Amino acid sequence: MNMFWFAVMLLLPVLAIAYLGWHVWLLLPLASGWKALVVALGTLCFLSVFLDFTGLLDRFPLSVARCLYVVGTSSLFAVLYAVMLFVVLDVGRLLHLVPRCWLVGNWTAAAVILFVLGGLLLYGRLHYNNKVRVCVSLTTDKPLSRDYKIVMASDLHLGYHNPRRELARWVDMINAESPDLVLIGGDIVDISVRPLFSEDMAAEFRRLRAPVYACLGNHEYYSDMPQVRRFFADAGICLLVDSVASIEPQLAIVGRDDHGNRRRQSLEDLLAGLPDSTYTIVLDHKPNNLGEAEHAGVDFQLSGHTHRGQVWPISWVTDRLFECSWGEYQRGATRYYVSSGLGIWGGRFRIGTQSEYVVASLRRAADAAGQ
């Protein structure tokens, strides 16, 4: 079954490019040579996305690598929406709602399609740049020594497409909240750590005016793990890998290894040494098996990974794949927040989803009742 789905995932891009290339060939009123050039250039742009997956981008100069990354990953989303648009037009033609002449040798139709796609991607880019502040209120009867303000985020995906200047803006937003703690739920690194070291992004993390705790995500494992750990150390980030950080005797942060490590410790084992009176916050990148946290008596869990599909209609897929693919959730006494991510993988587009960070107030129940 795994091999079957792997084959499907490889076949889908090929079919999409073939379908789109055929439509572009029919639509453009150009000589065959020019049509072939347009289709070939579009295909090359799309195929450049695989340079990132293979690690070949690190062999190019930084500026070239950044350009190739943006072109390749942006083409992926452009192809998605172009295919969807042509499917709608094909269905309209079959239903005799769209004349065939609209799809063959028509400059006007080509210009309209290009305008619609360009407008959609421009909206997605602008919407991505808007970081949504999400407020979460947490109360507990456990004997915390004081209340806490905690900024939470996940999926920064720092790399070729999210450079230091973007991280600097995020750090300023977090510092403006004056938090007591900063928690990051994995995927700080996109794939390559090269741009993080080249731009000294660790210096931006060191500007954060609160302790930073993070867990690993799957993308850290796609990179060079020793270098990832070195970056975290340089950045002053406390990396929790199947380990626990005690903020005070009654508050603990538990960082789990990524779900991809089948030998990671169970939550019950990680919590075994903590008194029942301790308020526990778990960082677990993938929101899989949420019942485990409930069964272990966890108070709150932060996850990410899903991006909520990043763009519609992929959000429909993630909503069905995960028990909770985004937002606040509760099982029994355990609260959860699954973040759609502060950053993003690939093309910087948000369509039907949002880029966000969470500002959580953790308060003693007596204090909350008094206001």
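The lining of the largest cavity divides into eleven nonpolar, no polar and no charged residues; Ala, Val, Leu, Ile, Met, Phe, Trp, Tyr, Cys and Pro count as nonpolar, Asp, Glu, Lys and Arg as charged, and the others, Gly among them, as polar. The model is predicted, so local features need pLDDT of at least 70 and side-chain atom pairs count only at pLDDT 80 or more, while totals for chains, interfaces and linings use all residues. Residues are numbered from 1 along each chain as its sequence is written, and side-chain values use heavy atoms, with hydrogens and water left out.

**Largest cavity**

- A search of the whole structure finds one cavity of 30 Å³ or more; a cavity is a set of points on a 1 Å grid over the protein atoms alone where a 1.4 Å probe fits but cannot get out, and lining residues have an atom within 4 Å of a point.
- The largest cavity holds about 60 Å³ of space, a volume being the space filled by probe spheres set on the points, with grid points joined across faces, edges and corners.
- Its lining consists of Ala153, Leu156, Leu167, Trp170, Val171, Ile174, Val182, Ile184, Phe205, Leu208 and Leu342.
- Helix H6 (164-176) and strand E3 (181-184) are the elements that give two or more residues to this lining; helices (H or I, at least four residues) and strands (E, at least two) are DSSP runs, numbered from the N terminus.
- H6 gives the most to the lining of the largest cavity, with four residues.

**Second largest pocket**

- The second largest pocket has a volume of about 680 Å³; a pocket is an open set of grid points with protein on both sides within 12 Å along at least five of seven lines.
- It is lined by 26 residues, of which Leu20, Val24, Ala82, Leu114 and Leu117 are the closest to its centre.
- At least two lining residues of the second largest pocket come from each of helix H1 (2-27), helix H2 (32-47), helix H4 (62-94) and helix H5 (107-129).
- By residue class, the lining of the second largest pocket has 20 nonpolar, six polar and no charged residues.

**Salt bridges**

- The count comes to 20 salt bridges, each a side-chain nitrogen of Lys or Arg within 4 Å of a carboxyl oxygen of Asp or Glu.
- Side chains of opposite charge can pair when their charged atoms come close.
- Glu323 and Arg331 form a salt bridge at 2.8 Å, N to O; Glu323 is partly exposed at 39% relative accessible area, and Arg331 is partly exposed at 26%. Buried means under 20% relative accessible area, exposed over 50%, and partly exposed in between (1.4 Å probe, protein chains only).
- Salt bridges that share partners join Arg164, Asp172, Glu204 and Arg207 into one network.
- Within that network, the side chains of Arg207 and Glu204 meet at 2.8 Å, N to O. Glu204 is buried at 7% relative accessibility, whereas Arg207 is partly exposed at 34%.
- Arg230 forms a salt bridge with Asp234, with 3.8 Å between the closest N and O atoms. Both residues lie in helix H10 (residues 225-235), four residues apart, about one turn of the helix. Arg230 is partly exposed at 42%, as is Asp234 at 34%.

**Strand pairing**

- Strands E6 (residues 243-248) and E7 (residues 251-255) pair in the antiparallel sense over five bridges; two strands pair if DSSP finds at least two bridges between them.
- Ser243 has Gly255 in E7 as its bridge partner.
- A hairpin of two residues joins E6 to E7.
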